[in-house]
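Hello,

Here is the structure I promised to send over.

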Protein chains: 2
Amino acid sequence: MLNGEFALIERIRRRASSLPAITLGIGDDCSALRVPPHHELLTSTDLLLENVHFRLDWTDMYSIGFKSVAVNVSDIAAMGAEPLSFHLAVGLPVHLTSQQIDLFLDGVFDALQKYRLSLAGGDTCRSEGPLMIAATVQGIAAQDRMVRRSGAQEGDDLWVSGSLGDSALALKRLQAGTALSKFLAQRHHRPEARVDLGQRLAKQGLVTAMLDLSDGLLGDLRHLLDESGVGARLELERLPLSAEFRTALSAQPELIDLALCGGEDYELLFSAAAQQRGALKVLAQELSLPLQRIGGLTSGSEIHIFRPDGELYTPQQAAFDHFRSQKDKVCE
Amino acid sequence: MLNGEFALIERIRRRASSLPAITLGIGDDCSALRVPPHHELLTSTDLLLENVHFRLDWTDMYSIGFKSVAVNVSDIAAMGAEPLSFHLAVGLPVHLTSQQIDLFLDGVFDALQKYRLSLAGGDTCRSEGPLMIAATVQGIAAQDRMVRRSGAQEGDDLWVSGSLGDSALALKRLQAGTALSKFLAQRHHRPEARVDLGQRLAKQGLVTAMLDLSDGLLGDLRHLLDESGVGARLELERLPLSAEFRTALSAQPELIDLALCGGEDYELLFSAAAQQRGALKVLAQELSLPLQRIGGLTSGSEIHIFRPDGELYTPQQAAFDHFRSQKDKVCE
């Protein structure tokens, strides 16, 4: 049972810890924070909507809360920045129980703790329709260390962290009514934001452009290429795939398109000069996180994908787009 | 017809101008801005949901866009701060036409121009349910000039800008199926954020605490009192009421409760030492905006409302709360 908006806000407020940089947290018209000298303030907003981004019968309230933070923090990671504060706006359907709301908040606060940021404000209201979550994350980056999408150069290598397609494979199985392995459930419901990786890449000056993979490798690569004014060459056999994804792929070779255009990987895609290959190998070992060179940047603007036999490969599926109708959506 | 998320973002991006402080706008994982030395960065988030905060048959898309900005900027005004950047996340029902979306954007961009802030980022997606708008506004305030809710002192006067209850009266008429006068429509659908007033009050050091009235005078006053640890005395005949509100009140005296607990006034409520009365009168003249002393702050924590005959008055209606069921909601 909900006891009204003010009671819920008080419950949230009691749980919110505050970093010293946040000089005013929940309880005023605005939150306030201090940005250190020679730093910029970064902001990203994400919407997560029931029946568009998640289904309550496929996930749990804790995971929804956790993921709301992680996918947003992933945008801070993609700038090589440090997460600092979080604002959470939720429209809560009246059928949600107090226990469900608390599970959601458990997920939110656990993720905030994991990524070392504070809940600084937000908004709550009743929803007449689905559960709606709007999350805004703020972070800071040194002015000369922020990694944009626009710095990639012809001749750079193209790299990606972790493995691709796991989240999309999980979604495909959920859609088919198949239970998920622990690994796939984790990859889909509790994505990791690559904050340490992003910060190290930025701090060591190893990368020329970076973004996080939320809409699928090809869709997001398109953004990086457009902003940088270059094209790309991808080598299909270099795509990093998990053991579970490879098993599925051996039975259904067409699943490779999930690694190319499946959404919600939340890995970092970045470009780096060829002379950084050694440093990147060292960094991957230090962070115990695979970093894989998947191709390189070319002149022009096109993306060419090469098969192991040297032939060009064309995926069957267009990039993930929330505006397509459900039946046209291929990579979600 | 929607042409996909990327096409819509491109349409928005082309219209977004950027202030010099915003060093990175739409088109990267995050926006970036520079905060001037000795300033703090303020942030506020608001949710506006169809059938909770607005109904499409009672308003128009332009007004929804305009109001999404204004109500959020009102929170920046309440800190005495300067609005700077705006992030807009929208869940768009599939039945909306491209023309409706453009009208909504017209309202957003006109309000951004009016309040001199830039669209720096956001998120768009299809909604399976109602229209959903999550808006995040950022502003800056000099570190020693930010006005909180917590600085009010016993003995301070209590002031409010503009007039009270107009928006709630408009809503009552909409609920009854009555057409709105131009004045009431403006007050309800196109609220003004009192940015100039807030900044002048802060800059001249005239106020001890301030907030904006979104949940109704009594509900919001409660927040100011709780944060400051004081009580209040209100004088009923001092409430500032518009000519149209007074006309309605003369026929239905119980409508006074709309001025006490009706939501969405978006006026500023502030406390000031008694010696500032002269300066506040001058400021009201300079801004051509009525500022009305409605009572004072007391020891204790209670709110006492006095009628012209000196008797205590108790409103029939509890403060506006989005979590109450529609029929229990009294001041919306």
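In chain A, α10 is followed by A:Ser288, whose phi is positive, near 50°. Before going further, a word on the ground rules: this is a predicted model, in which local features need pLDDT of at least 70 and side-chain atom pairs count only at pLDDT 80 or more, while totals for chains, interfaces and linings use all residues. Residues are numbered from 1 along each chain as its sequence is written, chains are lettered from A and ligands numbered from 1 in the order in which they are written, and side-chain values use heavy atoms, with hydrogens and water left out.

Helices (H or I, at least four residues) and strands (E, at least two) are DSSP runs, numbered from the N terminus. Buried means under 20% relative accessible area, exposed over 50%, and partly exposed in between, with a 1.4 Å probe and protein chains only.

Back to α10(A): its buried residues are A:Leu280, A:Leu283 and A:Ala284. They sit on the same side of the helix, because they cover an arc of only 105° around the axis (the arc is that of the directions from the helix axis to the C-beta atoms). The face turned away from this buried side carries the exposed residues A:Lys281 and A:Gln285. What lies over the buried residues of α10(A)? The cover includes β7 (157-161), α6, β10 (268-272) and β11 (291-298) of chain A.

Helix α6 of chain A spans residues 195-203, and A:Val195, A:Leu197, A:Gly198, A:Leu201 and A:Ala202 are buried in it. Seen down the axis of α6(A), these buried residues fall within an arc of 165°, so they line one face of the helix. After α6(A) comes A:Gly205, with a positive phi near 65°.

α6(A) and α10(A), the latter covering residues 277-287, pack at an angle of about 150° with their axes 11 Å apart. Axes here are lines fitted to C-alpha atoms, for helices over the stretch in contact, and angles run from 0 to 180 degrees between N-to-C directions. On the α6(A) side the contact is made by A:Asp196, A:Leu197, A:Arg200 and A:Leu201, and on the α10(A) side by A:Leu280, A:Leu283, A:Glu286 and A:Leu287; contact means heavy atoms within 4.5 Å. These residues divide into five nonpolar, no polar and three charged. Ala, Val, Leu, Ile, Met, Phe, Trp, Tyr, Cys and Pro count as nonpolar, Asp, Glu, Lys and Arg as charged, and the others, Gly among them, as polar.

**Helices α2 and α3**

Another pair to look at in chain A is α2 (residues 61-77) with α3 (residues 98-114), whose axes come within 7 Å and cross at roughly 35°. α2(A) passes α3(A) in a right-handed crossing. Among the residues making the contact are A:Met61, A:Phe66 and A:Val69 of α2(A), and A:Leu103, A:Phe104 and A:Leu112 of α3(A). Overall, the contact of α2(A) with α3(A) has ten nonpolar, four polar and three charged residues.

**Some single residues**

A:Ser118 belongs to strand β5 (residues 118-127) of chain A. Is A:Ser118 buried or exposed? At 2% relative accessibility, A:Ser118 counts as buried. Not counting residues up to four places away in sequence, A:Ser118 touches A:Ser17, A:Ser18, A:Leu19, A:Ile22, A:Leu84, A:Ser85 and A:Phe86.

A:His38 lies in the loop between β2 (31-33) and β3 (39-49) of chain A. Its phi is near 60°, a positive value in a residue other than glycine, and A:His38 is exposed, with a relative accessible area of 65%. In chain B, B:His38 has a positive phi near 65° and is exposed, at 62% relative accessible area.

B:His95 is in the loop between β4 (82-93) and α3 (98-114) of chain B. With a relative accessible area of 52%, B:His95 is exposed. Leaving aside neighbours within four places in sequence, B:His95 is in contact with B:Leu56 and B:Gln100.

**The two chains**

A rotation of 180° with 0.0 Å of shift along its axis superposes chain B on chain A, with an RMSD of 0.0 Å. That is the relation of a two-fold axis. The same surface serves both copies, as 100% of the contact residues of chain B recur in chain A. Copies are superposed by least squares on the C-alpha atoms of residues with pLDDT of at least 70 in both.

Best wishes

Conventions. Left-handed = near helix turned anticlockwise from the far one by under 90°.
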